[in-house]
Amino acid sequence: MTKLELIMMLLPVVFMIHEYEEIVMFKSWLGNNRNELKRRFPRFERVLARRGHFDYSTATFAIGTAHEFVLISVISLSAVWLGAFQWWFAAFAGYSIHLIVHLVQWAIYRKYIPVIITTILTLPYCVYAFVEFTKASILSPLQMLLWLVVGIILTMLSLLSAFFLMSKFQQWQNKR
């Protein structure tokens, strides 16, 4: 296994390190910060409330994370096995943009959010992986830009499907 392939295979591990903070902390954080969210960001709080996010259990969050983990793992394994490095780059780019969004959320909220510690801890991996991928010259800068866009689109679609599954799971859980 080459160094680049090892870096690629580490993406699902890095992803889960980041997601564990969210799984463990998000439910209690939402409950503890709901009034402040309502006061400072009333539209955002209404969207969360309307979609039932304040009612999601920790297990529901874990369902969404498992969905994303399976996708990112399949993409990483397939990319290394089949040499389809562009698909890994798309998944990697989606994850990296996801971290940047968390940094923006943190800058706006100006307090702890249940993703920021592991966002900061996993950013060095992203920088290193990007540098190594660029040095390998597998994709041209234009191709990297194209696969970045593909990654963003696919990440948004996978998040929509993850939230759909989370919603269905929460409904099932509430009926039990």
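Here are some friendly notes on the salt bridges, aromatic rings and nonpolar surface of this predicted model.

1. Ground rules. This is a predicted model, where local features need pLDDT of at least 70 and side-chain atom pairs count only at pLDDT 80 or more, while totals for chains, interfaces and linings use all residues. Residues are numbered from 1 along each chain as its sequence is written, and side-chain values use heavy atoms, with hydrogens and water left out.

2. Lys 3 and Glu 132. The count comes to five salt bridges (a side-chain nitrogen of Lys or Arg within 4 Å of a carboxyl oxygen of Asp or Glu). One of them joins the side chains of Lys 3 and Glu 132, at 3.3 Å from N to O. Lys 3 belongs to helix H1 (residues 3–40) and Glu 132 to helix H5, so this pair ties together parts that are 129 residues apart in sequence. Helices here are DSSP runs (H or I, at least four residues), numbered from the N terminus. Glu 132 is buried at a relative accessible area of 11%, whereas Lys 3, at 48%, is partly exposed. For these words, buried means under 20% relative accessible area, exposed over 50%, and partly exposed in between (1.4 Å probe, protein chains only). Lys 135 joins Lys 3 and Glu 132 in a network of salt bridges.

3. Glu 36 and its partners. Within helix H1, Arg 40 and Glu 36 lie four residues apart, about one turn of the helix, and their side chains form a salt bridge of 2.9 Å, N to O. Glu 36 also has a salt bridge with Lys 111, with the closest N and O atoms 2.5 Å apart. Lys 111 sits in the loop between H4 and H5, so its pairing with Glu 36 in helix H1 ties together parts that are 75 residues apart in sequence. Glu 36 is buried, at 16% relative accessibility; Arg 40 is partly exposed at 22%, and Lys 111 is partly exposed at 38%.

4. Aromatic pairs. A search of the whole structure finds 14 aromatic pairs. Rings of Phe, Tyr and Trp (its six-membered ring) pair if their centres lie within 6.5 Å; planes under 30 degrees apart count as stacked, over 60 as edge-to-face and the rest as tilted. Trp 88 and Phe 92 make a stacked pair, 4.8 Å centre to centre with 10° between the planes. Both lie in helix H4, four residues apart, and both are buried. The rings of Phe 89 and Phe 130 have centres 6.4 Å apart and planes at 40°, so that pair is tilted. This second pair links distant parts of the chain, with Phe 89 in helix H4 and Phe 130 in helix H5 (residues 116–135), 41 residues apart. Phe 89 is buried at 4% relative accessibility, but Phe 130 is partly exposed at 39%.

5. Another aromatic group. Phe 26, Trp 29, Phe 41, Tyr 56, Phe 61 and Tyr 109 form one aromatic cluster.

6. Nonpolar surface. A nonpolar patch of about 790 Å² includes Trp 87, Leu 142 and Leu 160. Such patches are made of residues with over 30% relative accessible area and no salt bridge: like charges are joined within 9 Å, nonpolar side chains (Val, Leu, Ile, Met, Phe, Trp, Tyr) within 5 Å. Accessible areas come from the Shrake-Rupley method with a 1.4 Å probe; for residues, only the protein chains shown count as cover. Helix H6 (residues 141–175) gives the most to the nonpolar patch, with seven residues. Leu 142 is found in helix H6 and is exposed at 66% relative accessibility.

Technical notes:
Helices (H or I, at least four residues) and strands (E, at least two) are DSSP runs, numbered from the N terminus.
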